[in-house]
Amino acid sequence: MKLHRAHHRPSPFLLDGIATALLSTTLTVVALWGILWVQKVAQQPAADGIMTVYLDRHGGLRLWNQPIRRQDLNGLVAKAEARTRGSGPLIVRLIPDPQVPWGVIHRMLGLLQPSEPDRSWILQLQLP
């Protein structure tokens, strides 16, 4: 009497499950990498000593997507300047929205222009 060993083949459902798990894990890793890469690219100017301030058509300011008050801007510039000390001057870049009237831009440039003792940072205007 011969004993036959039964060869067990994996169930097709098991193989489908493993393939689905690998595919979903791969897609998750690729999506996470994409999100992190976009954030790194978006934050690169800050790492290079550039502080970008956005101006809306009503004269409101925002840093990234966070609204800031005009009176808080000098403190934020001082903090950013302290972080970049030794790596070159801080660049404060003002980017107005397309609908901002020139009068609002001109007034904001006058408010942001560094005073004589604070000439260690540079103000730039970047038009949309």
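These are my notes from a first look through this structure.

**Entry 1, what I'm looking at.** I reminded myself at the start that this is a predicted model. I then checked the length and found 128 residues in the protein chain.

I went through the secondary structure and got three helices and five strands for the protein chain. Reading along the sequence, I wrote the pattern down as α-β-β-β-α-β-α-β.

How much of the protein chain is buried? I looked it up, and buried residues come to 23% of the 128. The protein chain exposes about 10000 Å². I also asked which atoms supply that surface, and carbon and sulfur account for 62% of it.

I took the contacts in the protein chain with a separation of 6 or more, and 61% of them join residues 24 or more positions apart.

I searched for aromatic pairs and the structure holds one. The partners are Trp 33 and Trp 37, with 6.1 Å centre to centre and 15 degrees between the planes. That pair counts as stacked, because planes under 30 degrees apart go in that class.

Then I checked their cover: Trp 33 counts as exposed at 57% relative accessibility, while Trp 37 has 48% and is partly exposed. The cut-off for exposed is over 50%, which is why the two get separate labels.

Definitions and conventions. Residues numbered from 1 in each chain as written. Predicted model: local features only at pLDDT ≥ 70, side-chain atom pairs only at ≥ 80, totals over all residues. Heavy atoms only, no water. Phe/Tyr/Trp six-rings, centres within 6.5 Å; stacked < 30°, edge-to-face > 60°. Buried < 20%, exposed > 50% of the residue type's maximum accessible area, 1.4 Å probe, protein only. Helix = DSSP H or I, 4+ residues; strand = E, 2+ residues; numbered from the N terminus. Contact = heavy atoms within 4.5 Å. Areas by Shrake-Rupley, 256 points an atom, 1.4 Å probe, with all protein chains shown as cover.
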